[in-house]
Amino acid sequence: MDIQINKQNRFNQMATVIGCVWMLTLSLPVTAQDTLNPNIIVVSEGRQVNNASFAVGSAPALTAEQQQSLKLLVAEERAKRQSDIAQGKPIAVRASREQITSERKAGILSAAAQRSVNDANAIEKASAEKAKVSDSATDTNLGLNQESNHLSNHVRQQSIVGYRDFDIYDAYSRLFDDFDEDGFYQTFSVTFDADVYGFTQGEPANVYAELYLSRNGGPWEHYYSTEVFTIYGDATDDDYEVLTTLAQGYKTDYYDVLIDLYELGYEDIVATLSADESDGLYALPLESSDRDEVYEQEYVEVVETEVIVSGGSVSLTALLMLLMMRLYRLKA
C-alpha cells in the first residue's frame, strides 16, 4: 500500500515539474531567430520628393531607372548572401520593432542615418577649409556654405532637440509589378509627409524614419531605415518616398506598414503612423518575386484529318484500319 502511494506521489511530482517547464517555455519571450526568416530578401531606396509630383489615383508605373536600380540592389544583396555563406558568416535576420527602438535608445544610429550624418559633416568641413584657402572666392564659398547648412543643420540645432512637436501628417502607398496578375504585387512605395511645429514658421528639423511590415496582423518586422533628411515646418513639398521590392521569402498575403519618426540627437520616437490610423498603409496585397512568376503551360494541338470518299466522309484513323484489314485479307 505504501509502495503504491509513493509511486503515485512521484508521478504527481513529475507531472507538476513537466507542467511548470511547459508553462515557463510558453511564457518566455520569442526571439528574433524564432519569428524571423533569415531567407528573406527585401531591398529599398528612399528619397525626398515633392508632394505635387504624384497623384494617388494615377496609374502607377516604375521608370526604367527605378527598375534598373532595384534590380541592382537585389543582385547585390544576393551576391552578399552567397559571399557570407561561403565565408561561414551568419545571415542577418530581419529585426523586430523592439530591437530597433532599443538600439535607438542606446544611441545606435542606423547605417543609413550615420552615413548621411558623416556626409554632411564632410561637406561642412570641406566648406570651412575652402573658405580658409582664399577670401577671393566669395561666391563659391557662399554656395558651399548654403549646401552645408542644408545638409548639416543637426550640428547647429541640437540645443532645441526634444522641445518641438512632430507629426506624420499623411501617408499613402502605391503598388507595382504584378506579373502573374493574381492581385498581389512584388514592388510597392510608401510616401509620407512629416511636419515639425517649433518656435518659428517653417522651422527646419533633421529627422530619419524606420519602416516596418506586419503580415496579416503579425509582429512588426523592420525593412528600411531612411537617411537623415530635413523637414520644414508643415511644408507640403518635403515628403519622403521609399520604394521597395520584396525579392524573396514573403508569402502571398496582406501586409500593414508602420512608420516611426526620430529627430536626430533625440532617442525617443517623436511621431508614428501605422495602418491603424492611415488607410494608405493598411492591407497592402504583396508577395515576393519568387511567388510572382508566370508559368507557361505547353499546349499541344491535336488535329484530326478527314478524308472524303464516295458516300460520305471517314477519319484518317478509320481509313488506316480499313487498309490494314484489306492487306490482311490479301495475305490470307
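The model is predicted, so local features need pLDDT of at least 70 and side-chain atom pairs count only at pLDDT 80 or more, while totals for chains, interfaces and linings use all residues. Residues are numbered from 1 along each chain as its sequence is written, and side-chain values use heavy atoms, with hydrogens and water left out.

**Stop 1: the whole chain**

Show the protein chain as a cartoon. It has eight helices and twelve strands. Helices (H or I, at least four residues) and strands (E, at least two) are DSSP runs, numbered from the N terminus. Of the 332 residues in the chain, 34% are buried; buried means under 20% relative accessible area, exposed over 50%, and partly exposed in between (1.4 Å probe, protein chains only).

Now switch to a surface. The chain exposes about 20800 Å², and carbon and sulfur atoms supply 54% of that area. Accessible areas come from the Shrake-Rupley method with a 1.4 Å probe, and for residues only the protein chains shown count as cover. Among the contacts in the chain with a separation of 6 or more, 76% are between residues 24 or more positions apart; a contact means heavy atoms within 4.5 Å.

**Stop 2: the largest pocket**

A pocket is found on a 1 Å grid over the protein atoms alone: it is an open set of points where a 1.4 Å probe fits, with protein on both sides within 12 Å along at least five of seven lines, and lining residues have an atom within 4 Å of a point. Grid points are joined across faces, edges and corners, and a volume is the space filled by probe spheres set on the points.

The largest pocket has a volume of about 1300 Å³. Select A111, A112, R115, Y224 and S225, which are the closest to its centre of the 47 residues that line it. The elements giving two or more residues to this lining are β1 (41-49), α3 (64-86), α4 (97-105), α5 (111-133), α6 (138-151), β5 (221-225) and β6 (229-232). Which element gives the most to the lining? That is α5, with eight residues. By class, the lining has 22 nonpolar, 13 polar and twelve charged residues.

**Stop 3: helix α4**

Select I100, T101 and R104, the buried residues of α4. They lie on the same side of the helix because they cover an arc of only 95° around the axis, where the arc is that of the directions from the helix axis to the C-beta atoms. These buried residues pack against β4 (204-215), β5, β8 (253-263) and β9 (269-274). Turn to the face away from the buried side to find the exposed residues E98 and K105. Just after α4, G107 takes a positive phi of about 85°.

**Stop 4**

Select F188 in strand β3 (residues 187-197). Its relative accessible area is 0%, so F188 is buried. Leaving aside neighbours within four places in sequence, F188 has contacts that include R174, F176, Y223, V242 and L286. The C-alpha atoms of F188 and L286 are separated by 8.3 Å, although the two are 98 residues apart along the chain.

Go on to S274 in strand β9. Is S274 buried or exposed? S274 counts as buried, because its relative accessibility is 6%. Beyond its neighbours within four places in sequence, S274 is in contact with W220, V257, L258 and L281.

Next, select S278 in the loop between β9 and β10 (284-286). S278 is also buried, with a relative accessible area of 7%. Apart from neighbours within four places in sequence, S278 touches A171 and L273.

**Stop 5: two loop residues**

Most residues other than glycine have a negative phi. E181, which is not a glycine, has a positive phi of about 55°. E181 lies in the loop between β2 (165-176) and β3, and its relative accessible area of 70% makes it exposed.

Finally, select N216 in the loop between β4 and β5. Phi of N216 is positive too, near 50°. At 58% relative accessibility, N216 counts as exposed.

Note on methods. Nonpolar A, V, L, I, M, F, W, Y, C, P; charged D, E, K, R; others polar.
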